[in-house]
Amino acid sequence: MKIAVLVKRVPDTASVFKVAPDEKSVVTDGLKYIISPYDEHAAEEAIKIQEAGGAEIVVISLGGDDCQETMRTVMAMGADRGVLVSVPAGLSIGAHGVAQALAAAVKREAPDLVLAGKQAVDDDASQVPERVAELLDLPHASVVSKLELADGKALVDREIEGGKYRIELPLPAVVTIEKGINTPRYPKLPNIMKAKKKPLDTVTLEDLGLSADAVKNQAEVTKVASPRTDRRNQIVGGDTADAVKEVVRLLRDEEKAL
Amino acid sequence: MTLGGFILFALFVLAHLVFVLRVMNVVQWVHLGQGELQWGDARRRARDLLVKGFGQSLVLRKPSGIFHALIFWGFFVLTVGTIEGLIKGMLPAFSLSFLGPLYPALNTLQEIFAVLVMVSLAAALYRRFVIRPKRLEGPLSHQLDAVVIIGLIALLITAYFGMEVVEPRPGFTPVADALRALTLGDGEAPGMAYAAFSWTHNLVVLAFLMYIPFSKHLHVITALPNLFFREERVRGRINRLNLEDENSESFGVVRITDYTKKELLDLAACTECGRCQEACPAYNTGKPLSPKKVVLDLKEHLFEHGPRIARDPASAPPLFPDVISADVLWSCTTCFACEEVCPVEIQPMSKLLGIRQAQVLMEGEFPEEAQNTLRNVEGQSNPWNLPQQERGHWAEGLGIPTLAENAEVEYLFFTGCAGAYDQRYVKVAQALTKLLQHAGVSFGILGNEECCTGDAAKRIGNDYLAQELAQTNVDTMNGYGVRKVITACPHCFNAIKNEFPQYGGEFEVMHHTELIADLIRLGKLKPDTAKAGTTTYHDSCYLARYNGVDAAPREALAAAGASVTEMPRHGKDGFCCGAGGGRMWMEERIGTNVNQNRAQEALATGADTIATACPFCLTMMTDGVSKEGRADTVQVRDVAEILADLL
Amino acid sequence: MSVLVLLEQRGELKPCALEAASAARDIAAAAGMPLNAVYIGQSLEGQEGKLAGYGIAKVYAYEHASLSHYSNDAYVPIVRDVARELDAKVIIGSATALGKELCASVAARLGVELAQDAIGAAWAGGLVAKKPLYAGKVLADVTIQSVPAMVSLRPNSVQAAPQDGPAPEIEKRAMPEVSLRSVLKETAEATAGKVELTEAKIVVSGGRGVGGPENWHIIENLAEAMGAAVGASRAVVDAGWVHHALQVGQTGKVVSPDIYVACGISGAIQHQAGMRTSKIIVAINKDPNANIFKLCDYGIVGDLFEVCPALAEEVRKVRA
């Protein structure tokens, strides 16, 4: 059994995001970076499979050198080695390009199972793993809250609105992971130390047979804005009946949340 | 030598053989620990031995300690007679009379102490079986142990008086004389009487000798060495683990052999007095943790497995969870009361912290809520996962420079996570700001550059994270040339004062109550005392017990005109609020709540304000008062808030 | 040339299908292109009327019992082929759990970019989608250059606003031959009633102000009216009024619903840590100085024993 886990390094969403002066990006100063939480669940799931029946786990990521730190955290959890698709700083790659690069990296590994988070919490693009599956012509299932492996097949619970599908996929397959599936382990110090020495290969787009042009982003962010930074702190006055009416109106008509 | 003398000699040799072999075993098991027992700094060690050991100064901190001290001193005095009696048993002609005028004096002293020891034994029995303080509770075997010992000593003293009655030695011995008058009158003692008393005396002594090292009275042999070998340590510091050590495969305490020799000697030195248990907030609120039991369980484990481990060190079984269970391990609030009160300076809390380190660093297994908190601290450097970029927000508009803006200020006000983020405690940080500005103190903050000090991480057992946080702060502070620091949190205070020097951070740290008291003394703060009410002050463990700061907050409150009614447990004997040692970040699922126990004690003083000087205490006491349904009538406030209101 | 909208169904057309059609109509009009639709499902029969007023010229209906549930293997090639057949320039789907998977897969097959989970899309010489980034902390305009430009719209983010107009022509298509690799073994409805706390869109939480377990029904009643999950502060859990599973906060659950209603909760930081990422926070507390009012969007200073039942009633009224 060989499992590829796709992970992304993202800013911690607990941070404050400020619009940069160019109004096309956010200020990155002071941001702390973490592994995207859904990817961490995917990694945990891979390691549980490894513990249950043995598996080689390769963690694959795309980005700059700082991604290595993120990949090492997965290795500290138990992944055996890593492949970083290194991209030049400043190159803007869209989901289409990322998926091509990752698909090429995954193909070289020929895993039996590819796991990834259902989305990365920075751009919330929610599409790269599905694209990788399609590009490699692999069966796939998204937003999975339960995963069982048996007889060369994966049986998954796939969350949908108000219910779930139970789907059986032949391996190799790509599965994206939802949060409730497990609790990622707290990394052990000896494993953090060991992870520093585990093999981590870096490949370039050229190595994967891709030109910068082929992966060019065709969905540029042309403007960003902060929706609202502070709480409204609006005390709704009047007698109970009026206040209640007004709050319901605000929730329904202004916020469109009710 | 008579036949009797020969038999006694044989028994004498046997008893000593048993004694020495057992003691050698214990020494061997103690030596299964890491490192070496240290002899250096002999002057301090000798002083400890004299004052705390022979002087019984630690035992005498409790009134009941007088009985122990009398028995202890009596032991040495009576040993003279014991030796005389033993030798005389073997060589009937022997006497210490060659000591000349000293001999009657010694005999007089022996009689005095024989009486005092008898009284003390009676008191001990009365305490154990009539008063029955909880701290003396234990399994039947422990109670039997106590009865056997008390019985043996009583028998010994009885035999001593018997011998005195039948064959008086020179000296002023009114009790023996009276007993003689009472029993023999003018008549002669039966011929065998002296022999009977002498045999009883000598057999009891030898039985005692053999019994000691197998019982809780092992402490007779180990307690004094334990005081002697005590390592000097910085209170409130948990030594940083060497995480860089490539050869180290294990961090923290997994097996009994991971403790140091001194720590294992600790186990052998326990007297089972239970003072630690009596002071323990976990034990007092129905948790399965008793520091006494921790020590005794570890001792039992060491003595049981010691022989096997001595042959094969790798065979030492893990301590967790069979010897120390999760519920025991994670109930500790690290309040330090157990180590503070121990009369022989055993360190039960530190034993648990070593296991915590192993559980967190080696196993990654600890309460999930604490895991979340540590993840938050790793992420945004505060326990609530609030944005690091907003750490300085609390001070906006207050006119406090950041050190980036002005590094020339006299003090760094190290705000702490609570002061920066917890809206309740932001009020305290602001009240303190008002006081400092009023008094014209020059100070600044680090703002967004400040990090958590790592106190909770350290005490939960994640030394890795704690080291990183401490180093980051130290580097930032040194970068600005910081020398003097004020903190509004005893946990920050303790970390900066006691932990940071390990990372190259040498600062002069003051807790805010200390600075406030100073400013009042200097006349820079003149509180209007008219408005003050009745107050009780709840001591923070990390302030009062760890760092001895218990007078300053009281001085400040007194200057505010508050009449301070003390709770029964206060100052260095204060009772924890329940939040230390990372407990703030864990659920309290077993027994009653520590904070409620403490709130009840505070409310019983009848004060209308409970003053605190710590964000955790403030939260815990506020919650405790609410749980008691008294939130409407009793306020919980920080000393700084009370003072700031009176400007 | 065409704008293509993907009509999602679950037995019946889902409301989000009409929302997508509504947005697609406006884009088609701005781009000067016809609008067509794809329907994949068991049967569209009897639902054609719902599709009137969105300017859809033709619906390509792939109807078959085996298509009633989503399947990558079956759905993706259909959409890909229709898009190629029509020379689609814009494809609009729904950002539902299944819709996102479909859109991502189709985008991969067509080799184009996709703005997933957009809350709006408009034509400005090209397709510009508005979508949240960083857990909604930033809103971005994404301009898609690849063709066809694809976007999936988050349900409830645009209104389905039919205009006067005819129902579209329905062109029934035969189901193409596909070999299904993944097999749907079972479908399950989420258990009705209680909503899981961490996944709920609305959470109603009670604190010490509720007074006692005998009053807890007030919180439950409001939660039921709002279709919300019930949460609790630590004080309430500590006091044993409710189970620990309901605790929101530092040592309990971390929730981030669309609406969080805090009733009788003072707003200590330990609680804040569990709910501060909620989109809208409503606070009900009798103490005007309570911390919670500093954290909330809308606050009512009042007795929760009055306010909560009144609020429940008002919500029931407007929802009826």
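Among contacts in chain B between residues at least 6 apart in sequence, 79% link residues at least 24 apart; contact means heavy atoms within 4.5 Å. The model is predicted: local features need pLDDT of at least 70, side-chain atom pairs count only at pLDDT 80 or more, and totals for chains, interfaces and linings use all residues. Residues are numbered from 1 along each chain as its sequence is written, chains are lettered from A and ligands numbered from 1 in the order in which they are written, and side-chain values use heavy atoms, with hydrogens and water left out.

Chain B contains 27 helices and 8 strands. Helices (H or I, at least four residues) and strands (E, at least two) are DSSP runs, numbered from the N terminus. Along the principal axes, the C-alpha atoms of chain B fill a box of roughly 100 × 60 × 45 Å. Of the 647 residues in chain B, 58% are buried. Buried means under 20% relative accessible area, exposed over 50%, and partly exposed in between (1.4 Å probe, protein chains only). Chain B carries 58 positive and 70 negative side chains, with the centres of the two sets 4 Å apart. Lys and Arg count as positive and Asp and Glu as negative; His and the chain ends are not counted. Each charge is placed at NZ of Lys, CZ of Arg, CG of Asp or CD of Glu.

Chain B is assigned domain 1 (3–30 + 62–228), domain 2 (256–363), domain 3 (381–519) and domain 4 (527–644). Such bounds come from an automatic or database domain assignment. The C-alpha centres of domain 2 of chain B and domain 3 of chain B are 33 Å apart. In this pair, 7 residues of domain 2 of chain B contact 6 residues of domain 3 of chain B. About 520 Å² is buried between domain 2 of chain B and domain 3 of chain B, with 62% from carbon and sulfur atoms. Gln357(B), Val360(B) and Leu361(B) supply 60% of the area that domain 2 of chain B buries against domain 3 of chain B, more than any other three residues. Buried area is the accessible area (1.4 Å probe) that two parts lose on being put together, summed over both.

Chain C has 8 helices and 18 strands. Its C-alpha atoms fill a box of roughly 65 × 45 × 35 Å along the principal axes. Of the 320 residues in chain C, 58% are buried. Chain C divides into domain 1 (2–173) and domain 2 (197–319). The C-alpha centres of these two domains of chain C are separated by 38 Å.

Chain C also meets chain B. The contact takes 14 residues from chain C and 22 residues from chain B. It buries about 1600 Å², of which carbon and sulfur atoms give 44%. On the chain C side, Arg208(C), Gln250(C) and Ile269(C) lose the most area to chain B, together 36% of what that side buries.

In chain A, Met77(A) belongs to helix α2 (residues 67–77). Met77(A) is buried, with a relative accessible area of 7%. Beyond its neighbours within four places in sequence, Met77(A) contacts Glu40(A), Ala43(A), Glu44(A), Ile47(A), Pro184(A) and Arg185(A). Met77(A) and Glu44(A) lie 33 residues apart in sequence and 7.4 Å apart in space, C-alpha to C-alpha.
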